Amino acid sequence: NDVGVVMADQAHTVHYATNIPAISLPASDPPEVVAAAAKRYGAEYLIITESFGRYPEALREAGSEIFTLVHSSQGLEVYKLKDSE
């Protein structure tokens, strides 16, 4: 498993279940700020397991320019941070 760090709405649970280092989603911030925080800590993926602050709704609006949905099933959504220019 070569994922590295991920960002998640349930960071502790994701880390406990997968042993992948996880940082917390700053759920009240817009997608641009979330993307900057993810990049700062080397997180390429954002994992959403429930409605949390502005998410996942914000990813369906402005976030589509920044994050790509790569997996969705039974309330779990995984987004990949698009490569910065």
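Is Glu77 buried or exposed, and at what relative accessibility? Glu77 counts as buried, at 13% relative accessibility; buried means under 20% relative accessible area, exposed over 50%, and partly exposed in between, with a 1.4 Å probe and protein chains only.

This is a predicted model, in which local features need pLDDT of at least 70 and side-chain atom pairs count only at pLDDT 80 or more, while totals for chains, interfaces and linings use all residues. Residues are numbered from 1 along each chain as its sequence is written, and side-chain values use heavy atoms, with hydrogens and water left out. The pLDDT is the predictor's confidence in each residue, from 0 to 100. Its mean over the protein is 90, and 94% of the residues reach 70 or more. Helices (H or I, at least four residues) and strands (E, at least two) are DSSP runs, numbered from the N terminus.

**Strand pairing**

Two strands pair if DSSP finds at least two bridges between them. E5 pairs with E3 in the antiparallel sense over 4 bridges, and Ile47 has Val78 in E5 as its bridge partner. E5 also pairs with strand E4 (residues 67-73), again antiparallel, over 6 bridges. Here Thr68 stands opposite Lys80. E4 and E5 form a hairpin with 2 residues between them, and Gln74 in the turn has a positive phi of about 45 degrees.

**Salt bridges**

A salt bridge is a side-chain nitrogen of Lys or Arg within 4 Å of a carboxyl oxygen of Asp or Glu. The whole structure contains 2 salt bridges.

| Pair | N to O distance |
|---|---|
| Lys80 and Glu44 | 3.1 Å |
| Glu77 and Arg60 | 2.6 Å |

Lys80 is partly exposed, with a relative accessible area of 23%, and Glu44 is partly exposed at 38% relative accessibility.

Glu77 lies in strand E5 and Arg60 in helix H3 (residues 57-60), so this pair ties together parts that are 17 residues apart in sequence. Contact means heavy atoms within 4.5 Å. Leaving aside neighbours within four places in sequence, the contacts of Glu77 include Leu46, Ile47 and Ile48, as well as Pro56, Arg60 and His71.

**Asp9**

Asp9 lies in the loop between strand E1 (5-8) and helix H1 (11-18). Asp9 is buried yet has no salt bridge, and the nearest side chain of opposite charge, Arg60, is 11 Å away. For charge, Lys and Arg count as positive and Asp and Glu as negative; His and the chain ends are not counted. The side chain of Asp9 does reach the backbone nitrogen of Glu50, at 3.0 Å. Beyond its neighbours within four places in sequence, Asp9 is in contact with Leu25, Ile47, Ile48, Thr49, Glu50 and Phe52.

**Val5**

Val5 belongs to strand E1. Leaving aside neighbours within four places in sequence, Val5 is in contact with Pro21, Ile23, Tyr41, Gly42, Ala43 and Glu44. Val5 and Pro26 are 21 residues apart in sequence and 15 Å apart in space, C-alpha to C-alpha.

Conventions. Polar contact = N/O pair within 3.5 Å; in protein donor to acceptor, adjacent residues only side chain to side chain.
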